[in-house]
Amino acid sequence: MNSKLINKIGAAGFNPSQSTGFWRGACNRFCYNYFALGSLIFILVLAILCIIIPLISRHEYSTTDFANSLIPPNSMYWFGSDGLGRDLFVRCFIGGRITFEIAVAATVVVLFIGVMYGSIAGFLGGKIDNLMMRIVDVLYGIPFLFFSILLLALFGQSLVLSFVAIAAISWLDMARVVRGQTLSLRNREFVEAAYICGVSKFKIITRHIIPNLIGVVIVYAALVVPNMIVLSAVLSFFGLGVMEPMTSWGLLISDGSKNMSSWWLLLFPALLMLLTLLAFTFVANGLRDALDSDS
Amino acid sequence: MISFIIKRLLVAIPTLLAIILLVFLLVHLVPGNPFQGEKAFSPEVMQELLHQYRLDLPLWKQFLYYVNDLLHGNFGQSYKFIGQSINELIFPDDLGGFWVTLRLAAYSMLLTVPLGIILGCYAGLARNSWFDKVVIVCSTIFSAVPVIVAGPLIILLFAVTLNYLPASGFADGDFLHLVLPVGILTLAYLPTVLVVARGSVIDVLNSNFIKTAKAKGLPTRIIIFKHALRPTLIPVISLLGPMFANVLVGAIVTEQVFALPGLGILTTNAVINRDYNLVLGITILGSSLAIAFNILVDIAYFFLDPRIKQ
C-alpha cells in the first residue's frame, strides 16, 4: 500500500549533512503542518489517557457485574457495559494500552531487524547482497497473514511471542528501503574516508551508515505502527493474540461485531481505532514532507 | 518470448520449493505430534497412527513424500477430520472453502483494477481540479482504514441500523450477500491502484514523446488513447502482482468479518484444532497462487512494454 511512498522516500534521498540546521528545519516544517501536529498531539493524549484512565476509573476492567450487563451508554457507564457487565470505557482504554504496547514493541523489533539486515546487505553489496535480497524475495512470496497465524498457532499465544511473530514477517519492506538508502550512502566520501582510515566494516555500518538512515527510518516507523495495530486486530479476529479478561481494540471490535444489537460495543472501540489510524497516516505524511529536504 | 517464460519459471520453482521447505520445517519442528492432547492413545494405536501419517519417518523422507504428494495435486490427510483429505476441505464440491475466497478476491480485483485506472487517469489528467483533490483526500482516508474496522462499522450502518442489506452469510453467492463484502474489499485496495495510475499518467504526460505528439498537433483524444495509455499502464500492471497476494489475504479477513464460509473459517478451525497439515496446505496454496500471478503479470508486461523484448 505504501510502496509508492517508500519509493519516493528512497529516490528523494535525505541530506543529513546539514546536521543541526536540517533537524531544526524539519521540526519547524512539521510544526507548521497543523494537520500533522494535531494528529501527533491526538496520539500522545490518547496514549496518556490509555495509561491513566484504567488507574483512576471507578470501574475495574475485569470486574464482572451481571446485574448491569449490556447497559447502553449513560452517566455511570460512559461507553455502556458489555455482556458480562464490565465497563466498556475502561476496557477501551486498557485495550488501547495493550494495542499500543504490541504495536510499539513490534515496531522496535521491525526497525532493529530491518535496519540491520538492510544496511548490511546494502553495504556489503555483491553476492552477499544478492543472496540476502533473494531471501527477502522468497519471504515476500508467502501471504503474510497465514505465516503469522502459523507462527502464533505453533508457538503458543503469549503476548510477547505474538508481537515477535508479527514483527518477524514485517521487516521485509523496512529492509528493502534501508538497503536502497545504504547503497546510495556507501559511495559517499565520508564512508570512503572511514574505510581508508582502517575502520572495520561493522563499525562503519553502526557509526556512519545507520545514523544517516534516521530520516528514512523515522518516516517508515510512523507507517509501521498503524500496520502493526491493524495486524494485531486482524489476528484477534482469528482468535489469536490477547486473551480474556485482558483485551485489545481488535478483540473489542471482534466481540462487538458478534453482537450488533448492542451497537455501543462495536462503535466506540472501532471509532477509537479509526481515529488513531487516521492520525498516524497524517503524522507519517507530515514527517515525510518535513524530512524530505528537497521539496 | 518462450525463453523469457521458461526463465521466469526456473526462478519461480526454487522460490516455491524454498517456501514449502520453510513452512514444512516450521510445522514439523514443533515438539510433540498432532495426536497428543485431549485423547490418550495406547502406544500401539499411536504407533499405528504415526505410521499411517508417515510421521515415524525421518524428516527429510517426510518432506520428499510431501513434495511428491504436492506434485500429484494432493495436500495430504487432515490430522483432525480422520479420513478426510485436505483437498476435500479446501476444494469442497459445494460452494465453500477456496471457491468463496477466490470469488471474493476475483470480483473485487475485477472492480478495483478498471475503476482504479479510470479514476486515477481522470484525476491525473485533471490535475489540481476539485475532482483530483477529492479523489486524493478520499484515497488517503480509505487506505488508512482497514477492512477490519470499516467492515463491522458498515455492517452496523447498512445491515443493522438501516436494514438495507444482509449482514453476513453467503447464501450460495447471492448478489445481495456479496455487495457489502466485495464493496468493502474493493474500497480497501482501490486507493493503491488509483494513486499509482494518477502518478503514472502525470509522469507520462510530462515526457518528451507526448510533447512531440502535441507539437505535431494531434488531437488530445488520440494523444491520450494512442500514445499515453500504454506506458501509463506499465507501473499499474507491475503493482498487480504483489497486490493479488494482498487481496487474497484481504478476502480472508473480509470473510471473517462477514462470516462467509471460505478459507478464513477453515484457517481458524485448523488453528483451534491444531490441524497443521491444513494450515500448511492453505499457506502453500496461497503462496503458489501469488507466485503464479506474478508470472502472469510479468508476461503481461512483456506485451505492454516493447523495451523488454530487446
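**Helices and chains in contact**

Biologist: How many residues does the contact take from chain A, and how many from chain B?

Modeller: This is a predicted model, in which local features need pLDDT of at least 70 and side-chain atom pairs count only at pLDDT 80 or more, while totals for chains, interfaces and linings use all residues. Residues are numbered from 1 along each chain as its sequence is written, and chains are lettered from A and ligands numbered from 1 in the order in which they are written. Two residues are in contact if their C-beta atoms, placed from the backbone, lie within 7 Å. The contact takes 35 residues from chain A and, from chain B, 42 residues.

Biologist: How do the residues on the side of chain A that touches chain B divide by class?

Modeller: H5, H6, H11, H12 and H13 of chain A each supply at least two residues of that side, where helices (H or I, at least four residues) are DSSP runs numbered from the N terminus. Ala, Val, Leu, Ile, Met, Phe, Trp, Tyr, Cys and Pro count as nonpolar, Asp, Glu, Lys and Arg as charged, and the others, Gly among them, as polar. The residues on this side of chain A divide into two charged, five polar and 28 nonpolar.

Biologist: Which word describes how H4(A) and H11(A) lie to each other?

Modeller: The axes of H4 (residues 88–124) and H11 (residues 214–237) of chain A come within 8 Å and cross at roughly 130 degrees; axes are lines fitted to C-alpha atoms, for helices over the stretch in contact, and angles run from 0 to 180 degrees between N-to-C directions. Angles under 35 degrees count as roughly parallel, over 145 as roughly antiparallel, 65 to 115 as roughly perpendicular and the rest as oblique. The two helices, H4(A) and H11(A), are therefore oblique.

Biologist: What is the handedness of the crossing of H5(A) and H8(A)?

Modeller: H5(A) and H8(A) (residues 171–186) pack at an angle of about 145 degrees, with their axes 10 Å apart. A crossing is left-handed if the near helix is turned anticlockwise from the far one by less than a right angle, and right-handed if clockwise. The crossing of H5(A) and H8(A) is left-handed.

Biologist: Why does B:Ala106 count as partly exposed?

Modeller: B:Ala106 lies in H5 (residues 98–125) of chain B. A residue is buried if 20 or more other C-beta atoms lie within 10 Å of its own, exposed if 12 or fewer, and partly exposed in between, with C-beta atoms placed from the backbone. B:Ala106 counts as partly exposed because its C-beta neighbours inside 10 Å number 15.
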